[in-house]
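These are my notebook entries on a structure that I looked through element by element. The entries follow the order in which I looked things up.

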Amino acid sequence: MSVRLKTLAATTVLTTALAAPAIARDQINIVGSSTVFPFSTTVAERFGKSTDFKTPIVESTGSGGGLKLFCSGAGVDTPDITNASRRIKSSEVALCAENGVNDIVEVKIGFDGIVLANAIAGEPVELSLRDIFLALAKDVPNGEGALQPNPYKMWNEINPDLPAVKIEVLGPPPTSGTRDAFAELALEGGCKTFDWIKAMKKEDKSAYKSVCHTVREDGAYIEAGENDNLIVQKLEANPDAFGVFGYSFLEQNSDKVQGSLVDGVAPEFELIADGDYPIARSLYFYVKKDHVGVVPGIEEFLAEFTSEDAWGEDGYLADKGLIPLSDDERDDWADKVKSLTNLSM
Amino acid sequence: MINFTQDAGFGLRGRNKSEKRFQWAGRGAIAISLAFLVIMFFSIISTGLGALQQSQIAVTVDLSAEEVDPENVGDTSFNSLLKKSLRNAFPEVESRKDKKRLYGLVSTEAAFEIERQITQDPSLLGGPQTLWVTASDDADLYISGQVDTDLPEKQRRVSDAEIALLDKLMASGAARETFNKGFFTSGDSREPEIAGILSALMGSFLTLLVCFVLSFPLGIGAAIYLEEFAPKNRMSDLIEVNINNLAAVPSIVFGLLGLAIFLGYLGLPRSTPLVGGMVLALMTLPTIIIASRAALRSVPPSFKEAALALGATPVQAVFHHVVPVAMPGMLTGAIVGMAQALGETAPLLMIGMVAFIVDVPTSVLEPATALPVQIFLWADAPERAFTEKTAAAIIVLLTFLILMNLIAILLRRKLETRF
């Protein structure tokens with residue numbers, strides 16, 4: 001064999017060896033939301049320590065990215081579980097089905113409060129959802145049943161009870177799930193308080209959505225990146241600014257920032273859990289049923305996640321900032337998980 | 001016309017002044033950049049040093065045969081044993097809420113630590129023993145003096161009740177700060193007090209190993225061929241331009257390429273140092289090729305010509321006489337490329353290495369993460385105690401970067417021959 005042929009043969013062998021199908025996994029693979037990441041990893045770590053199974057790998061890809069990976073196929077080279085800080089969309093269910101992922105188990109794990117906070121050095125404020133909408137939406141009603149570009153520069157122009165400081169809100173960029181949830185719960189919540197906009201929902205849903213979900217772009221809302229610690233630091237440096245971030249960051253930094261009251265309710269653990277605090281969203285994860293029994297430990301992992309020790313009111317996830325579901329809802333979801341009930345939209 | 005003999009000093013003062021001005025401007029520029037460097041190092045090191053100290057709490061555990069069966073140590077619930085000994089130490093704690101606070105003073109790892117200490121030294125069994133266990137992150141913040149007790153209770157992570165308990169522990173000498181060995185010997189964790197960087201460090205090492213094994217031979221091979229053998233024509237010009245362009249491509253693009261080809265087409269396992277190393281190898285290749293070509297070009301042509309004149313074939317001339325002289329320069333290029341690869345996160349994001357991985361990887365086929373990724377993940381964690389861990393991980397990364405660059409400089413100094 002000439003040298004050239006030898007090289008060719010060697011290359012072919014190497015490529016085939018590399019292209020060999022992925023070997024069966026003995027480790028659970030989890031992807032998805034960065035909001036659920038701290039909870040998912042905590043359970044994964046405990047699961048790895050307390051059982052003989054390997055510690056699951058948890059990737060932080062964002063809710064959308066996670067579902068895309070999850071729905072990319074049914075083989076063992078795809079993730080077993082994906083975390084999401086919103087519910088799966090019907091378009092994603094369709095994508096899953098297209099790629100052969102038909103049996104998905106949905107698990108709702110708890111709530112996450114989104115807070116509007118400012119530095120301790122600033123004045124504590126009480127906002128309504130309407131105030132938030134008027135302060136941050138791109139177009140706001142002009143009082144005559146039409147829209148105008150947001151003219152408000154100071155908080156007290158919106159509501160005389162608010163301090164006379166410039167509107168300056170630091171928050172996550174549009175790619176973030178937190179931003180989606182904030183737009184849906186806070187902005188739309190305030191938007192709906194105008195009857196004529198609410199009436200629009202029936203006639204022209206997309207126009208309604210664009211009015212209620214579009215954040216102003218004239219510098220009053222500052223996109224501060226996905227890192228919530230950074231927002232806390234910036235708030236500390238600028239007592240006039242407000243920040244939008246998850247409840248767990250407020251809890252960990254209570255010596256630096258204070259949460260604003262929204263519709264008269266403070267962002268506190270019990271109040272979010274009871275559903276009184278208006279800006280709270282549900283967190284989920286989705287399990288590929290085909291992988292149960294193929295990748296070892298999935299059932300046991302689900303049992304660990306849905307145990308009272310983990311997601312209960314005094315569970316270790318509550319210590320990490322997860323707001324637990326009500327007792328009934330927990331029982332309900334735990335049953336669904338045990339029987340591996342398929343997702344129903 | 002200027003009369004040079006007469007006007008030799010024309011405008012001399014002005015010219016000297018502008019010379020001085022320029023020199024001072026230069027010194028100023030250096031001083032400013034040095035000041036930034038010092039500020040950066042100071043802030044990172046002053047935050048990070050805290051992570052080298054870890055608080056521990058002493059608990060007296062009853063290890064008599066009634067509690068722990070010497071034959072079956074593994075059957076014992078060390079968690080309830082630990083809770084019991086904490087209750088014994090603070091008999092005044094009664095309500096459920098206060099008990100929860102009390103248990104929260106020690107790390108969730110504490111029960112495992114007791115078990116490990118017993119497995120290591122079975123002679124502890126038989127009676128009550130005082131053992132040191134890791135304190136929880138909040139307790140650690142208080143013991144190391146990072147909690148401002150002047151603030152109202154609501155604004156603190158550590159409540160008055162917990163402070164009372166901790167003060168009692170500290171007064172009786174049952175709380176201490178020790179060197180945090182665990183930071184260097186354990187993997188990642190969601191609990192800041194037991195999180196370590198060993199898994200990330202091993203991941204980085206394995207990834208760089210793969211990267212080096214792939215990119216170094218390929219890189220210098222390409223450089224030698226292009227510089228010494230390739231015909232100089234349009235085609236080789238095109239290749240040269242493309243290599244230079246490749247060096248400037250944003251690294252995330254290589255990650256996307258890796259995702260599509262290595263994971264998608266070749267079906268290699270996700271999150272592994274093998275794929276990470278392959279992606280980073282693509283990224284470092286241009287750097288190595290460019291540096292190696294420069295090193296080869298700096299070897300005087302007379303070396304090669306002399307060898308050729310004595311009857312050596314071109315391959316012999318190049319490999320016996322040119323490459324050995326250029327080797328230090330090539331190695332330097334490779335090390336600089338590796339240092340670049342060590343600091344990369346973006347391409348690793350696409351191939352699943354930005355992940356929570358507890359187990360320390362031992363082969364290139366096991367899931368792993370890398371040092372800069374670990375920094376990224378810790379910087380994003382809500383727990384306050386991760387701040388100092390982040391800074392400490394940055395110190396470790398910087399140390400390795402400085403070491404690698406130092407080796408590159410030393411290699412150049414020691415081995416390079418000047419002509």
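**Entry 1: between the chains**

Which strand of chain B is joined to strand E2 (residues 57-59) of chain A, and how many bridges join them? I found strand E4 (residues 355-356) of chain B as the partner, with two bridges and an antiparallel run. I noted Glu59(A) opposite Ala355(B) in E4(B). I bear in mind that this is a predicted model.

I then looked up the contacts between the two chains. On the chain B side I have 29 residues, in contact with 29 residues of chain A. By residue class, the side of chain B that touches chain A comprises 14 nonpolar, 10 charged and five polar residues.

**Entry 2: the sheet of chain B**

In chain B I looked up an open sheet of three strands, in the order E2-E1-E3 with antiparallel pairing. Strand E2 (128-134) and strand E3 (175-179) of chain B each have a single partner strand, so these edge strands are left with one side lacking a neighbour in the sheet. From one strand to the next I record an average twist of 40°.

For the pairing of strand E1 (residues 53-62) of chain B with E3(B), I noted five bridges and an antiparallel direction. Ile57(B) is set opposite Ala175(B) of E3(B). Helix H4 (residues 110-120) of chain B packs on this sheet and touches E1 and E2 of chain B. The direction of H4(B) makes about 130° with that of E2(B).

**Entry 3: helix H16 of chain B**

I next checked the span of helix H16 (residues 386-415) of chain B. Its 30 residues reach 43 Å from first C-alpha to last, close to the 44 Å expected at 1.5 Å a residue.

Which residues of H16(B) are buried? I listed Phe386(B), Thr387(B), Glu388(B), Lys389(B), Thr390(B), Ala391(B), Ala392(B), Ala393(B), Ile394(B), Val396(B), Leu397(B) and Ala408(B). The cover over the buried residues of H16(B) includes helices H1 (12-48), H7 (182-185), H13 (314-342) and H15 (371-379) of chain B.

**Entry 4: chain A as a whole**

For chain A I counted 16 helices and 13 strands. The C-alpha atoms of chain A fill a box of roughly 85 × 50 × 45 Å along the principal axes. Of its 345 residues, 44% count as buried. Among contacts in chain A between residues at least 6 apart in sequence, 72% join residues at least 24 apart.

**Entry 5: confidence in chain A**

I record a mean pLDDT of 86 for chain A, with 93% of its residues at 70 or more. Where in chain A is confidence lowest, and where is it highest? The lowest mean, 47, belongs to helix H1 (residues 3-19) of chain A, and the highest, 93, to strand E3 (residues 81-84) of chain A. Over residues 8-22 of chain A the pLDDT is below 50, and this stretch has nine contacts in the model beyond near neighbours in sequence.

Most residues other than glycine have a negative phi. I looked up two residues with positive values.

Asp263(A), not a glycine, has a positive phi of about 50°. I placed Asp263(A) in the loop between strand E12 (261-262) and helix H12 (269-273) of chain A. With 17 other C-beta atoms within 10 Å, Asp263(A) is partly exposed.

For Leu340(A), I noted a positive phi near 50°. Leu340(A) lies in the segment after helix H16 (327-338) of chain A. Leu340(A) counts as partly exposed, with 14 C-beta neighbours inside 10 Å.

Key:
Residues are numbered from 1 along each chain as its sequence is written. Chains are lettered from A and ligands numbered from 1 in the order in which they are written. This is a predicted model: local features need pLDDT of at least 70, side-chain atom pairs count only at pLDDT 80 or more; totals for chains, interfaces and linings use all residues. Helices (H or I, at least four residues) and strands (E, at least two) are DSSP runs, numbered from the N terminus. The expected span of a helix is 1.5 Å times one less than its number of residues. A residue is buried if 20 or more other C-beta atoms lie within 10 Å of its own, exposed if 12 or fewer, and partly exposed in between; C-beta atoms are placed from the backbone. Two residues are in contact if their C-beta atoms, placed from the backbone, lie within 7 Å. pLDDT is the predictor's confidence in each residue, from 0 to 100. Ala, Val, Leu, Ile, Met, Phe, Trp, Tyr, Cys and Pro count as nonpolar, Asp, Glu, Lys and Arg as charged, and the others, Gly among them, as polar. Two strands pair if DSSP finds at least two bridges between them. Axes are lines fitted to C-alpha atoms, for helices over the stretch in contact, and angles run from 0 to 180 degrees between N-to-C directions.
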